[in-house]
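We will go from stop to stop, selecting as we go.

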Amino acid sequence: MQNRKIILIGGGGHCKSVIEVAESAGYCIKGILDKPEKVGKEVLPGHKVIGTDDNIPQYVEECDFVITVGFIKNPNLRNKLYNKIKEAGGKLATLVASTAYVSKYAKLGEGTVVMHDAFINAGARVGDNCIINTFVDIEHDAVIGNHCHISTGTIVNGECKIGEECFIGSQSVCANRIEIASNIIVGAGSVVCKSLRMKGIYVGNPATLKL
C-alpha cells in the first residue's frame, strides 16, 4: 500500500481505467473530483465523486493527485487541471500498472499514468502528465514530451522523439528515429515513416497531413 492517498480529477471513462491501474499499484483512492452535478455519484462501486476541482486546495496536504480526464481531440482541459494542481501547491502521483514494465533505466514525469501491459524500455524518457495506454510499446531511448497521450497498442520505436501535447492514435507505429513536433495528432492505425514537422492531423500509411 502506498503511503499517501490519491485524488482523481475527472470522472469519465478514462477515470475507470485509472482506478484499475491505481488499485493494481497499491494506491488508496480517497475520491474523485468532477462537475458539480456529479458530486455524490459513483464512477465505479466504492469510488464516489466527493467534490469539484475547486476543492483541490483542501486536499493538498493529505493527498497526491492524478488527472483522469481523457485526451483525444486536445489536451487543454488536462493542462488546465495540471496547472491548477501546481498553483495550489499539490503534487501529482505517477502511476504504473502492476502488469506494465518500466525499465529501471527509463524516466517518467510526474502525473504520468502507465496502463496495463505497457512496456517502456531502457533509456526512454516520458514527460509530465502523459497517458501511456494499454499495450503501448515505447522502445529504447525514445522521448515523449509533456502532456501527451500515446493510445492503445501503439509502438514508438527506438530513438523516436515526440513533442509536447501530441496524441498518437491506437495501433499506430512510429519508425525508428523519426521526430514528431508538438501539438500533432496522429490518427489510429497510422504508420509514421518520416518526421512530422508541421502542426496538424496526420493519418494513413504512410501518415500524411490531412488537416
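Two strands count as paired if DSSP finds at least two bridges between them. Keep that in mind for the first stop. Note too that this is a predicted model.

**Stop 1: a hairpin**

Select residues 42-44, strand β3, and residues 47-51, strand β4. These two strands pair in the antiparallel sense, over 2 bridges. Which residue of β4 is the bridge partner of Leu-44? Pick His-47. Together β3 and β4 form a hairpin, with 2 residues between them. Click on Gly-46 in the turn: its phi is positive, about 85 degrees.

β2 pairs with β4 over 2 bridges, and here the sense is parallel. Find Leu-33 and then Gly-51 in β4, its bridge partner.

**Stop 2: the largest pocket**

Where is the centre of the largest pocket? Select Gly-10, Asp-34, Lys-35, Val-69 and Leu-77, which lie nearest to the centre among the 17 lining residues. The space in this pocket comes to about 310 Å³. Next show helices α1 (13-24) and α3 (76-87). Each of them supplies at least two residues of the lining. Colour the lining by class: 5 residues are nonpolar, 8 are polar and 4 are charged.

**Stop 3: the largest nonpolar core**

In soluble globular proteins, nonpolar side chains tend to be buried together. The largest nonpolar core here has 47 residues. Which of its members touch the most others? Select Leu-95, Ile-132, Ile-138 and Ile-180. α1 gives the most, with 5 residues.

Stay on Leu-95 and show what surrounds it. Leaving aside neighbours within four places in sequence, Leu-95 is in contact with residues including Ile-6, Val-18, Val-21, Tyr-27, Val-66 and Val-114.

There is also a second, separate core, of 14 residues. Among them are Ile-7, Ile-56, Val-60 and Ile-67.

**Stop 4: a sheet of 5 strands**

Show the strands in the order β8-β11-β14-β17-β20. They form an open sheet with parallel pairing. Lys-107 stands opposite Arg-125 here.

**Stop 5: a sheet of 8 strands**

Now display β6-β9-β12-β15-β18-β21-β23-β24, the order of another open sheet. The pairing in this sheet is mixed. Its edge strands are β6 (95-96) and β24 (208-209), each pairing on one side only. Inspect β21 and β23: they pair in the parallel sense over 3 bridges.

**Stop 6: Gly-200**

Select Gly-200 in strand β23 (residues 200-203). Is Gly-200 buried or exposed? Its relative accessible area is 13%, so Gly-200 is buried, as the cut-off for buried is under 20%. Across from Gly-200 stands Ile-184. Setting aside neighbours within four places in sequence, Gly-200 is in contact with Asn-183, Ile-184, Ile-185, Leu-209 and Leu-211.

End with a distance. Pick the C-alpha atoms of Gly-200 and Gln-58: they are separated by 39 Å, and the two residues are 142 residues apart along the chain.

Notes:
Residues numbered from 1 in each chain as written. Predicted model: local features only at pLDDT ≥ 70, side-chain atom pairs only at ≥ 80, totals over all residues. Heavy atoms only, no water. 1 Å grid on protein atoms, 1.4 Å probe; cavity = no way out; pocket = protein on both sides within 12 Å on 5 of 7 lines; lining within 4 Å. Points joined across faces, edges and corners; volume = space filled by probe spheres on them. Helix = DSSP H or I, 4+ residues; strand = E, 2+ residues; numbered from the N terminus. Nonpolar A, V, L, I, M, F, W, Y, C, P; charged D, E, K, R; others polar. Core = buried A, V, L, I, M, F, W, Y, C linked by side-chain atoms within 4.5 Å. Buried < 20%, exposed > 50% of the residue type's maximum accessible area, 1.4 Å probe, protein only. Contact = heavy atoms within 4.5 Å.
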